[in-house]
Amino acid sequence: MKTDTMYLIKALQKKTGITQYVSRKVWRAISEIITEELLRGNTFDLRGILSMSVIETKEKTAYNIKEKTNMTLPPGKKVKFKAGQTLNKLIKEENGEISE
């Protein structure tokens, strides 16, 4: 199942009792805060669930299938996601794996 923004807004509304309008505003604010922090180069950590950070990528060589030549991809930045310990533990338990 794919979870989208509208699902999150409705779930926030249901769990908190606030209106859909307010939950949408809350979600937009959270989304903006996360984006702003990542753009500043900070790590955004939702303790136990998820950690996000911007990392530098190195220059690398790739193969262009259409032109059948090698090409150089310039260095850049990308977002790195890492699942937290609590989330990993819950997923392992859900799958029947024993974790100590």
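Lys77 counts as exposed because its relative accessibility is 61%; exposed means over 50% relative accessible area, buried under 20%, and partly exposed lies in between (1.4 Å probe, protein chains only). The model is predicted: local features need pLDDT of at least 70, side-chain atom pairs count only at pLDDT 80 or more, and totals for chains, interfaces and linings use all residues. Residues are numbered from 1 along each chain as its sequence is written, and side-chain values use heavy atoms, with hydrogens and water left out.

**Lys77 and its surroundings**

- Lys77 sits in strand 5. Helices (H or I, at least four residues) and strands (E, at least two) are DSSP runs, numbered from the N terminus.
- Setting aside neighbours within four places in sequence, Lys77 is in contact with Val54, Ile55, Glu56 and Thr57. Contact means heavy atoms within 4.5 Å.
- Lys77 and Gly96 are 19 residues apart in sequence, and their C-alpha atoms are 37 Å apart in space.

- Three strands make an open sheet in the order 1-2-5, with antiparallel pairing. Two strands pair if DSSP finds at least two bridges between them.
- Strand 1 and strand 5 are the edge strands, each pairing on one side only.
- The twist averages 25° from one strand to the next. Its axes are lines fitted to C-alpha atoms, and angles run from 0 to 180 degrees between N-to-C directions.
- Strand 2 and strand 5 run antiparallel and are joined by eight bridges.
- Ile55 has Lys78 in strand 5 as its bridge partner.

**The hairpin**

- Strand 3 (residues 60-64) pairs with strand 4 (residues 69-73) in the antiparallel sense, over five bridges.
- Thr61 has Thr72 in strand 4 as its bridge partner.
- Four residues lie between the strands of this hairpin, and Lys68 takes a positive phi near 55°.

**Helix 2**

- Helix 2 (residues 20-39) has 20 residues and should span 28 Å at 1.5 Å a residue; its end C-alpha atoms are 28 Å apart, which agrees. The expected span is 1.5 Å times one less than the number of residues.
- Ser23, Ile34 and Leu38 are buried in helix 2. They lie on the same side of helix 2, because they cover an arc of only 40° around the axis. The arc is that of the directions from the helix axis to the C-beta atoms.
- The face turned away from the buried side of helix 2 carries the exposed residues Tyr21 and Leu39.
- Cover for the buried residues of helix 2 includes helix 1 (5-16), strand 1 (44-46), strand 2 (50-57) and strand 5 (76-83).
- Gly41 follows helix 2 and has a positive phi, near 90°.
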